[in-house]
Amino acid sequence: MADVSAGQNTRKPIIAGNWKMHLTHVEAIRAVEELLDRLRPADYGRSEVVVCPPFTALRSVQMVLASHEDAGVALGAQDVHWESAGAWTGEVSAPMLARLGVVYVIVGHSERRQHLGETDETVSRKVAAVLAAGMTPIVCVGEALEERESGRTEERVSEQVHRGLGSFSPAELSRCVLAYEPIWAIGTGRNASPEDADATIGSIRQALARLAGDETAGTMRIQYGGSVKSGNIGALMAMPEIDGALVGGASLDPVEFARIVRYQAP
Ligand code: PGA
């Protein structure tokens with residue numbers, strides 16, 4: 001087996017809140033202000049902290065972040081279109097997001113794959129657009145319950161990695177973050193065990209190594225997502241392959257999200 005764990009110590013954890021279709025821009029301002037009140041420079045030193053509000057709140061949240069001198073929270077978006085401009089009613093482009101100060105863009109979330117027509121091909125095009133605009137994609141992969149139960153988890157996530165990311169160079173891949181989100185764990189209160197999440201993330205790293213080489217794969221950050229809370233983040237982060245978390249429901253409460261960011265080893 002390839003040794004792709006060498007970069008483990010250089011991978012700074014990344015904890016991102018995915019607010020999904022929650023919080024008006026007014027509520028989002030309050031939420032991010034409360035979060036900033038609770039976080040300290042040491043928290044940003046240990047992990048990268050990201051919030052991903054809906055499009056309508058990006059500008060408001062960006063202004064709050066810009067007005068707090070020591071705020072180390074980065075701005076993320078939840079989706080993007082692959083073209084930079086054009087007749088695409090209702091869509092938002094990567095240059096528009098970059099101009100707003102967006103640093104991370106979630107691509108290929110399972111809710112978009114399941115309900116909104118996202119495919120590995122559109123994921124690939126969106127990743128290209130995000131990289132071209134100088135931002136970092138957070139590329140989501142994960143298996144459905146029946147795939148897990150029939151023992152196809154590794155095959156499924158490797159296939160998503162190959163189809164979504166197979167056309168990128170090692171240098172481009174090194175600029176990506178991945179998120180392993182088992183579909184059955186999202187919003188269900190049922191998280192993957194730290195051992196299972198670690199094993200699957202290890203197999204995602206092997207799939208990345210086949211595309212980018214061991215060295216690059218060893219430096220890439222792979223988050224876990226799916227019912228992360230303050231009560232389970234410590235055990236997840238103690239696993240060697242898990243480099244952070246993509247947090248949905250629990251990120252809507254700034255007190256709880258701050259506890260997640262300040263996780264302690266179990
Ligand atoms: P959850 O969502 O934390 O509410 O399970 C995670 C996600 O979908 O990113």
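Reader: How many bridges join β1 to β8?

Author: Two strands pair if DSSP finds at least two bridges between them. Here, four bridges join β1 to β8, and the two run parallel. Strands are DSSP runs of E, at least two residues long, and helices are runs of H or I, at least four residues long, numbered from the N terminus. This is a predicted model, where local features need pLDDT of at least 70, side-chain atom pairs count only at pLDDT 80 or more, and totals for chains, interfaces and linings use all residues. Residues are numbered from 1 along each chain as its sequence is written, and side-chain values use heavy atoms, with hydrogens and water left out.

Reader: What kind of unit do β7, α12 and β8 make?

Author: A crossover is right-handed if, with the strands pointing away from the viewer, the path from the first strand over the helix to the second runs clockwise. β7, α12 and β8 make a right-handed β-α-β unit.

Reader: Are the residues on the two faces of β8 buried or exposed?

Author: In a regular strand the side chains alternate between the two faces of the sheet. Strand β8 spans residues 244–247. G244 and L246 on one side are buried, as are A245 and V247 on the other. Buried means under 20% relative accessible area, exposed over 50%, partly exposed in between (1.4 Å probe, protein chains only).

Reader: What is the phi of S227?

Author: Most residues other than glycine have a negative phi. S227 has a positive one, near 60°. S227 lies in the loop between β7 (222–225) and α12 (230–237). S227 counts as buried, at 14% relative accessibility. L23 has a positive phi too, of about 75°. L23 sits in the loop between β1 (14–18) and α1 (25–38). L23 is partly exposed, at 21%.

Reader: Which residues come nearest to the ligand?

Author: A residue is near a molecule if one of its heavy atoms lies within 4 Å of it. Of the 13 residues around the ligand, K20, H109, E181, G187 and S227 come nearest.

Reader: Which atom of S227 lies 2.8 Å from an oxygen atom of the ligand?

Author: A polar contact is a pair of N or O atoms within 3.5 Å. For S227, a backbone N or O atom lies 2.8 Å from a ligand oxygen. For K20, a polar side-chain atom lies 2.8 Å from a ligand oxygen.

How values were computed. Polar contact = N/O pair within 3.5 Å; in protein donor to acceptor, adjacent residues only side chain to side chain.
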